[in-house]
Amino acid sequence: MSRSGKGTKKTTDFIDHDSPKYISRSDHGRKKKGDADSGTDAAHIFSFGLMNTIQTNSPGRPRGESSKFELVRDMNHDSNIRMKSSRGNRILDERRDARIARAFVHNEPIYGSSTTRRAHQAYQSTTKFTSMDSLTQQMGNMKVYNDETGRSHLLKHHHKYV
């Protein structure tokens with residue numbers, strides 16, 4: 001994978017905003033907040049961008065209203081939020097999420113150590129909530145390219161290769 005700076009840098013390129021499966025971003029249930037003065041953001045470990053990429057690009061029917069409400073609440077749970085620099089959240093995480101989203105949509109392996117690390121963190125965060133079971137399964141079944149072996153393995157087994 002090229003690191004030339006060209007290519008997709010936003011998860012929104014892979015989200016169907018007109019899909020009935022699309023879930024709008026909300027701060028419902030969110031306790032942690034960023035601080036503009038110190039340049040910090042309360043950043044989602046498993047982001048709304050990745051969640052909507054998986055939701056809108058997967059077969060099946062849309063979630064009901066109560067299921068959407070529960071998912072948004074879990075997305076904003078303290079265990080899925082961490083404090084980061086604004087640059088780390090809005091630029092670096094978004095760029096890595098876009099690479100993960102591209103791999104998901106095109107059924108390709110995830111490449112690069114920082115992107116793999118981000119994908120693994122997002123996957124681990126989804127395992128904490130039953131509202132994310134289908135998302136956990138789909139994230140876990142994504143392939144990760146291993147530079148050392150030249151082969152791919154599943155993201156859910158990545159902890160064995162670290």
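Where does H158 lie? H158 sits in the segment after β4 (151-154). Helices (H or I, at least four residues) and strands (E, at least two) are DSSP runs, numbered from the N terminus. The model is predicted: local features need pLDDT of at least 70, side-chain atom pairs count only at pLDDT 80 or more, and totals for chains, interfaces and linings use all residues. Residues are numbered from 1 along each chain as its sequence is written, and side-chain values use heavy atoms, with hydrogens and water left out.

H158 is buried, at a relative accessible area of 12%. Buried means under 20% relative accessible area, exposed over 50%, partly exposed in between (1.4 Å probe, protein chains only). Leaving aside neighbours within four places in sequence, H158 is in contact with T116, H120, V144 and H153. Contact means heavy atoms within 4.5 Å.

Next, the helices. Helix α1 (residues 48-56) packs with helix α3 (residues 86-106) at an angle of about 10 degrees, the axes 10 Å apart. That makes α1 roughly parallel to α3. Angles under 35 degrees count as roughly parallel, over 145 as roughly antiparallel, 65 to 115 as roughly perpendicular and the rest as oblique. Axes are lines fitted to C-alpha atoms, for helices over the stretch in contact, and angles run from 0 to 180 degrees between N-to-C directions. From α1, L50, T53 and I54 meet D97, I100, A101, F104 and V105 of α3.

D97 also takes part in a salt bridge with R118 (2.8 Å, N to O). The pair links distant parts of the chain: D97 is in helix α3 and R118 in helix α4, 21 residues apart. A salt bridge is a side-chain nitrogen of Lys or Arg within 4 Å of a carboxyl oxygen of Asp or Glu. D97 is buried at 2% relative accessible area, and R118 is buried at 3%. The structure holds 9 salt bridges. Among them is R102 with E108 (2.7 Å, N to O). R102 is partly exposed at 32%, and E108 is partly exposed at 30%.

Last, the rings. Y111 and Y145 form a tilted aromatic pair, 5.1 Å centre to centre with 35 degrees between the planes. Rings of Phe, Tyr and Trp (its six-membered ring) pair if their centres lie within 6.5 Å; planes under 30 degrees apart count as stacked, over 60 as edge-to-face and the rest as tilted. Y111 is in the loop between α3 and α4 (113-126), Y145 in strand β3 (residues 143-146).
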